[in-house]
Amino acid sequence: MSVEVDAHTIHLAGTRALPPAGPSLRLCRMAAYAGPSVVTRASSCGPVAPAANIPLVPSVPAFPPFRGSGRSGRRAQLPRVPVSTTDALVDCGVYVDGERQPGRPTPTEALNQVREQHRGFVWVGLHAPDEAQMAEIGRIFQLHELAVEDAVHAHQRPKLERYDDILFLVLRTVKYLEHEQNTVSEIVQTGEIMIFMGPDFVVTVRHGEHTALTTVRELMEHRPQRLALGPAAVLHAVADHVVDTYLLVTESIEDDVAAMEEEVFTPKSRVTIEAIYQLKREVVELRRAVNPLAMPLQLLSRSSELPVPKEVRRYLRDVADHHTAVAERISDFDEALSALINAALAKVSVQQNTDMRKISAWAAMAAVPTMIAGIYGMNFEHMPELSWTYGYGVVWIIILVICSALFIALRRNKWL
């Protein structure tokens, strides 16, 4: 028989001696006294020596953490304190025949209520949950771990995945930011909404401070006939709300593009190419958020293999049509901004050519007096014009006549 006691248990025991006992003292009793750190390797607890024969165990001092050359000692990791799911919970409700049931149940209570009654569904709304909170929701609704991981870590591409009878839809949300015209600044802010849809529940997870779903829930609660269609009706309402925000953002960007076009083609205007390029980058970001959603919407609106009622698929077809219109407008913005960049570059080149022509015209006029002054400044001994009485005045008249003729000719050719 052997007994192993770790240093931490010995340190806690200090210099305490075990209580006296008779010959019938067993090792299992000593293990209960010393705590769970005592490990026995025998198959049974046999008799041991009396406790009076066990010497006092000195207290072992705590060892400082080892610190090598430039390396800090590792601290023991503290256990993770579980965070309540209610911190990320926005709302949770039970809906039966399109009507919300009274009370504020927890997700567990709501799901149990629905499955006991075999009627209705649960709608849970979350905002930016962490791993522990989302893991708890995944355990309650039996969500796939890959989908749960995607719901925690944002920056997902719009997609539609199916895990048995549960659909997982990712939507990218956008928000237009007010800004000054022709400035380099952020214009489009993005976020995400994830939807888990099961036979008797729907869970919405939102990342970002915009595109809140409170108004969607209130609107749906005023349409019980729509909620009576089940969790798929909530999926349609959220998708429709997100696509409607796409329309609003594209209208605002369309105004920016129109203002940029007017500024670029206005004579003598100064438009920086950086501002046009920044707007083009924002349009590209908007396209990355919007365009990948086309395939999921097509599948939801046309595939009869997905657990989506036929009536809801009809509504989703309308959402898909709106999304197609948005995608086409974004593509037009991209092409228009590309043309604006080329036009701005051409305008800069034309402006540079105009400046060079003006410089050349003035240089040509300045060359006339320079040439004449150079001729009569050669200091030859025999130059008859130098002795003329009116030679100086005649030279000035000749210079002015030639320069005036050059000015008129260059002005007619729009060099000046």
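Is cysteine 92 buried or exposed? Cysteine 92 is buried, with a relative accessible area of 4%; buried means under 20% relative accessible area, exposed over 50% and partly exposed in between, with a 1.4 Å probe and protein chains only. This is a predicted model, in which local features need pLDDT of at least 70, side-chain atom pairs count only at pLDDT 80 or more, and totals for chains, interfaces and linings use all residues. Residues are numbered from 1 along each chain as its sequence is written, and side-chain values use heavy atoms, leaving out hydrogens and water.

**Cysteines**
- Cysteine 403 also counts as buried, at 16% relative accessibility.
- The disulfide count is zero, where a disulfide is a pair of cysteine sulfur atoms within 2.5 Å.

**Helices α11 and α12**
- Helix α11 covers residues 310–375 and helix α12 covers residues 391–412. Helices are DSSP runs (H or I, at least four residues), strands likewise (E, at least two), numbered from the N terminus.
- The two axes come within 10 Å and cross at roughly 165°. That makes α11 roughly antiparallel to α12 (angles over 145 degrees; under 35 is roughly parallel, 65 to 115 roughly perpendicular, the rest oblique).
- Axes are lines fitted to C-alpha atoms, for helices over the stretch in contact, and angles run from 0 to 180 degrees between N-to-C directions.
- The crossing of α11 and α12 is right-handed, so the near helix is turned clockwise from the far one by less than a right angle.
- From α11, the residues that meet α12 include Trp362, Met365 and Ile372. Their partners in α12 include Ile399, Cys403 and Phe407. Contact means heavy atoms within 4.5 Å.
- By class, this contact has 15 nonpolar, no polar and no charged residues. Nonpolar covers Ala, Val, Leu, Ile, Met, Phe, Trp, Tyr, Cys and Pro; charged covers Asp, Glu, Lys and Arg; the others, Gly among them, are polar.

**Histidine 323**
- Histidine 323 sits in helix α11. Its relative accessible area is 1%, so it is buried.
- Beyond neighbours within four places in sequence, histidine 323 contacts Val243, Tyr246, Val290, Asn291, Leu293, Ala294 and Leu297.
- Histidine 323 and leucine 297 are 26 residues apart in sequence and 8.6 Å apart in space, C-alpha to C-alpha.

**Positive phi**
- Most residues other than glycine have a negative phi.
- Aspartate 164 has a positive phi of about 60°. It lies in the loop between β6 (159–163) and β7 (166–176) and counts as exposed at 71% relative accessibility.
- Lysine 414 has a positive phi near 60°. It lies in the segment after α12 and is exposed, at 67%.
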